[in-house]
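Please walk through the two chains of this model with the structure open beside the text. The account begins where the chains meet and then takes each chain in turn.

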Amino acid sequence: MNNNAYQVTVARDLEDLIPVFLRNRKKELETLRAALAAADFEQLRQLGHRMKGVGNSYGFERVSVLGKRVEDGARSGDRASLEDCIAQYEDYLARVQVAYE
Amino acid sequence: MSDVLVVDDDPDMAAFLARMLENEGMRVACVPDGCQAMAQVGKMPPDLVLLDVMLPDASGFAICEQLKSSPVTAMLPVVLVTALDDSASRVRGIEAGADDFLSKPVRREELIARVKTLRRLHQTRRELEARRLASEVQRKEALRKAFSRYISPRLAERIISDLGEDGAPFGGEPQRVNVVALFADLRGFTRLTESAGVEDVVSMLNQYFAVVTEAAYRHEGTIFSIAGDSLLIGFNVPFPQPDASSRALRAAQDMIVSFAPVLEHWTGQGGRPTGIGIGIASGEAILGNIGSPHYMSHTIIGDAVNTAARLMQMAQAGELLMSNAVHHAAAGAVPAGRIEPRGNLALRGKSEPIAVYSMRP
């Protein structure tokens, strides 16, 4: 993935909400892992659904894209795809850069 | 300033929606589930609800249905927040009565546009409703005023409230009631009409009726009929009055006293001597609608009414005759010595003479 994919531009009026938003995404990552370990596909589906809705609303398109893939993977019970998504999510959250305008 | 209730269990989504709306000058409350949403709506009704379809305790559809099925909240606009690709949810949302939909991820322009439009619509609806209510109140008030010229204000009030409920005033069966019936007329008036001009007669009758009806209302009597120069007033109907006999006595006194200046004026103009004669009797009577569907009279009939009419006919100008029962129940209402026994009198249509008492205020 090229570096541009880790660049996110967020509206200035959301700036103070972003630290909490990112903290919650990291918690979400842990919950995703736990759900996959427990093979709780229903929870994975719900988590994916939530990521899909909230990510793009804040301007984090990648969160929505991964959320959609988690949701689909959970529906079909595709463990490999889910593992890949979670790994990508971890990578993304570790490297994402936020700019405000 | 307006209040929007955001119902979403995802704190980031709720915070985002709240921020967008607050930027537009709206006041926002956020709750995470359906139960708290219902509680909040009950406590502080918002102008609009933004409702996520996936909630931990109930679906947004169920909450929407609940809001739309209560008359108190049915008008409250509900925007369901669904996933973009979820057309099944939209169909369910329409069935649940949702006013609009918003897709996640939420685009701020769309959010603001939808909320603003719905709020305007809601406001217009509310204004129309308020205007409709105001005109309804005005109509009732006009009706009440018009009615009150013909029947006692309290009776008018009851007819109007009955109309509001099932459209049939006094819809119930005729009922047996204890009444105190008061008949009043203008003694010697029939003779007077023979000599006076038509306009004079009407003007005199109106002056007389103004005095007696006002006195009747002052003591909360119900006027049941006016025929010629005689007037039938009931007490203890349609509303119970524990002191009905005393009220009737005081109303009678009031009529005779209030009529004195009118009488003086008439006499001064060379009119024939006249005055109010009153009969009061109490007992059981039937209260109900008597007549035909085309001409209905809500009135009282029975022995007490007949006795009061006979007593009135026997009363002299400025005299009040009452039956024993009325005297017994109401003697305390007037100073001692004002009431005199007139002995046992035989009344027309009555087999036995009855004890009659007289009072001249």
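How many residues does the contact take from chain A, and how many from chain B? The contact takes 15 residues from chain A and 12 residues from chain B. The model is a predicted one. On the side of chain A that touches chain B, two helices each supply at least two residues: α1 (18-37) and α2 (41-58) of chain A. The largest share of that side, 9 residues, comes from α2(A). By residue type, the side of chain A that touches chain B holds 5 nonpolar, 7 polar and 3 charged residues.

Next comes chain A as a whole. Its secondary structure comes to 4 helices and 2 strands, and from the N terminus on the elements follow the order β-α-α-α-α-β. Chain A has 101 residues, of which buried residues make up 35%. Among contacts in chain A between residues at least 6 apart in sequence, 54% join residues at least 24 apart.

Helix α4 of chain A (residues 79-95) can be checked for length. At 1.5 Å a residue, its 17 residues should span 24 Å, and because the C-alpha atoms at its ends are 24 Å apart, the two values agree. Which residues of α4(A) are buried? They are A:L82, A:C85, A:I86, A:Y89 and A:Y92. These residues cover an arc of only 125° around the axis, and therefore sit on the same side of α4(A). An α-helix has 3.6 residues a turn, so residues three or four places apart point the same way. On the other side of α4(A), the exposed residues are A:A80, A:A87, A:D91, A:A94 and A:R95. The cover over the buried residues of α4(A) includes α1, α2 and α3 (61-76) of chain A.

Chain B has 361 residues, and buried residues make up 35% of them. Its secondary structure contains 11 helices and 13 strands. Of the contacts in chain B with a separation of 6 or more, 64% are between residues 24 or more positions apart.

One sheet of chain B is open and is formed by 5 strands in the order β2-β1-β3-β4-β5, with parallel pairing. β2 (27-31) and β5 (100-104) of chain B stand at its edges; each has a single partner strand, so one side of each is left without a neighbour in the sheet. On average, neighbouring strands of this sheet are turned by 20° against each other, direction ignored. Strand β4 of chain B (residues 78-83) is joined to β5(B) by 5 bridges, and the two run parallel. Within β5(B), B:D100 stands opposite B:V79. Helix α4 of chain B (residues 87-95) lies across β4 and β5 of chain B and runs at about 165° to β4(B).

Is B:V180 buried or exposed? B:V180 counts as buried because it has 32 C-beta neighbours inside 10 Å, and 20 or more are enough for that label. Not counting residues up to four places away in sequence, B:V180 touches B:F235, B:N236, B:A244, B:S245, B:A248, B:I280, B:S282 and B:V326. B:V180 and B:V305 are 125 residues apart in sequence, and their C-alpha atoms are 8.2 Å apart in space.

One of the residues touched by B:V180 is B:F235, and residue 235 ends strand β8 (residues 230-235) of chain B. This strand pairs with β7 (residues 222-227) of chain B in the antiparallel sense over 5 bridges. Where in β8(B) is the bridge partner of B:T222? It is B:G234. The hairpin of β7(B) and β8(B) has 2 residues between the strands, and in it B:G228 takes a positive phi near 60°.

Conventions: Residues are numbered from 1 along each chain as its sequence is written. Chains are lettered from A and ligands numbered from 1 in the order in which they are written. This is a predicted model: local features need pLDDT of at least 70, side-chain atom pairs count only at pLDDT 80 or more; totals for chains, interfaces and linings use all residues. A residue is buried if 20 or more other C-beta atoms lie within 10 Å of its own, exposed if 12 or fewer, and partly exposed in between; C-beta atoms are placed from the backbone. Two residues are in contact if their C-beta atoms, placed from the backbone, lie within 7 Å. Ala, Val, Leu, Ile, Met, Phe, Trp, Tyr, Cys and Pro count as nonpolar, Asp, Glu, Lys and Arg as charged, and the others, Gly among them, as polar. The expected span of a helix is 1.5 Å times one less than its number of residues. The arc is that of the directions from the helix axis to the C-beta atoms. Two strands pair if DSSP finds at least two bridges between them. Axes are lines fitted to C-alpha atoms, for helices over the stretch in contact, and angles run from 0 to 180 degrees between N-to-C directions.
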